[in-house]
Amino acid sequence: MKKSIIFCLLIILTIFTIVGYKCNNKTHKFKLRIKESSWSGWTEDYKPEELTKEYEVVLGEVYSINSGKFIFSILEINDDNIIIETSEPFSDKEGGIDLKTKKTKFKIYLDQEIELNTPTMDAGEIYYLTLLK
């Protein structure tokens, strides 16, 4: 009799644990819009080609953009932001480019654009990232 009661309690506890986990395990269906651009100090009146694409956000996924010039992975997915890690340093400094940056981790908030630049002086790539629902 005691074994039957303990067995039933274990089954009930297991069910509550599974149901509780499923309810707390929120899934976020985000998309990441990336606009690729570039700049050059060598050419007067330089007009970059711009390309915009949207990508499904998948935890742990590695993305290769612009023929491998921009490679990053998704480290975290939160309620209103994601954290990415790039394979190379990028500058996210507003109002200029930080040439000495070593920054490779960036937080991208929902519906807010972040600009990432290659830390160079003569020409470089620009990526505008926006997290969307």
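The structure holds 6 aromatic pairs. Rings of Phe, Tyr and Trp (its six-membered ring) pair if their centres lie within 6.5 Å; planes under 30 degrees apart count as stacked, over 60 as edge-to-face and the rest as tilted. Tyrosine 63 and phenylalanine 72 are stacked, because their ring centres are 5.0 Å apart and their planes lie at 15°. The model is predicted: local features need pLDDT of at least 70, side-chain atom pairs count only at pLDDT 80 or more, and totals for chains, interfaces and linings use all residues. Residues are numbered from 1 along each chain as its sequence is written, and side-chain values use heavy atoms, with hydrogens and water left out.

Phenylalanine 90 and tyrosine 127 form an edge-to-face pair, with ring centres 6.0 Å apart and planes at 80°. Phenylalanine 90 lies in the loop between strand E5 (81-86) and strand E6 (105-109), and tyrosine 127 in strand E8 (residues 123-132), so the contact ties together parts 37 residues apart in sequence. Strands (E) are DSSP runs of at least two residues, numbered from the N terminus. Phenylalanine 90 is buried, at 2% relative accessible area. Tyrosine 127 is buried too, at 0%.

One aromatic cluster is formed by Tyr55, Tyr63, Phe70, Phe72, Phe90 and Tyr127.

A charge also meets a ring. Lysine 35 lies over the face of tyrosine 128, 4.6 Å from the ring centre. The criterion is NZ of Lys or CZ of Arg within 6 Å of the ring centre and within 35 degrees of the ring normal.

Terms used:
Helices (H or I, at least four residues) and strands (E, at least two) are DSSP runs, numbered from the N terminus. Buried means under 20% relative accessible area, exposed over 50%, partly exposed in between (1.4 Å probe, protein chains only).
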